[in-house]
Amino acid sequence: PPGVGKTHLLHSIGNYVLAYGAGLSVRYTTVETFTNQFLAALQRGDMDRFKGSYRHADVLLIDDVQFLASKAKTEEEFFHTFNALHDLGSQLVLTSDRLPRDLSALEDRLRERFEAGLVTAIEPPDLSTREAVLRKRAQHDGIVLADDGVLPLLAARAPASVRTLEGALIRVV
C-alpha cells in the first residue's frame, strides 16, 4: 500500500549500489517519467537516445509500475527495455502498490515477467518498527528528547506509514 516506504527502499538500493557496486551504473525513474520521456522521444524522433539511456544501466529502479497499465505503446517499449536489460544480466527492481498478479490491466507477457522475479509484499510497520523508525529519525536529525516516553506514544498513535511517522516526529519537535 502507499506510504510503507517502497520509494525509500528503491533509493536505498540505488545509494547502496553506487557506494559499494564497484562502478555499476544505476538508473532510477518513475513510470510517469519513463512514459513522458518515451513520448517526447517519439515526437522528436530520438528513440535511439531514449533506448540507450535506459538499456545500458546495470541496475534499473522503476517506481509505480502499476501506472503502465492501459498505455499500450509505453508497455511495449517497457517490455523491450525489460528484455534487453534482462538479457544483459542487469538487475531490475520494480515497485507497485499491488502484486503483479493483481495488475490485471497490464499485458500478460509483462505481468509474467514481473512474476518471474522475486516478489515480496511490504507490510506497514508494526509498533516496535515504528518506534525504531522514530528513534533513528530523531538520532539522524540530532533531536534530543526530554522524555523517552514520547517515541512509544507517537509510535502507538501514528498510522503505520513511514511518511506519517517522520511527519509526526517533526510536528512534535
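This is a predicted model: local features need pLDDT of at least 70, side-chain atom pairs count only at pLDDT 80 or more; totals for chains, interfaces and linings use all residues.

Residues are numbered from 1 along each chain as its sequence is written, and side-chain values use heavy atoms, with hydrogens and water left out.

**Exercise 1.** Determine what span helix α2 reaches from its first C-alpha to its last.

*Solution.* Step one: helices (H or I, at least four residues) and strands (E, at least two) are DSSP runs, numbered from the N terminus. Helix α2 comprises residues 31-44, 14 residues in total. Step two: the expected span is 1.5 Å times one less than the number of residues. Helix α2 reaches 20 Å, close to the 20 Å expected. Step three: G45 follows α2 and has a positive phi, near 70°.

**Exercise 2.** Identify which residues of α2 are buried and what covers them.

*Solution.* Step one: buried means under 20% relative accessible area, exposed over 50%, and partly exposed in between (1.4 Å probe, protein chains only). The buried residues of α2 are V31, F34, T35, F38 and A41. Because they cover an arc of only 130° around the axis (taken from the directions from the axis to the C-beta atoms), they lie on the same side of α2. Step two: the exposed residues E32, Q43 and R44 are on the face turned away from that buried side. Step three: the cover over the buried residues includes β1 (26-30), α3 (47-55), β2 (59-63) and α4 (72-88).

**Exercise 3.** Describe how α2 packs against α4 and against α3.

*Solution.* Step one: axes are lines fitted to C-alpha atoms, for helices over the stretch in contact, with angles from 0 to 180 degrees between N-to-C directions. Angles under 35 degrees count as roughly parallel, over 145 as roughly antiparallel, 65 to 115 as roughly perpendicular and the rest as oblique. Step two: the axes of α2 and α4 come within 10 Å and cross at roughly 100°. Helices α2 and α4 are therefore roughly perpendicular to each other. Their contact (heavy atoms within 4.5 Å) joins F34, T35 and F38 of α2 with K73, T74, E77, F78 and T81 of α4. Step three: the axes of α2 and α3 are 8 Å apart, at an angle of about 155°. Helices α2 and α3 are therefore roughly antiparallel to each other. Here F34, Q37, F38, A41 and L42 in α2 meet M47, F50 and Y54 in α3.
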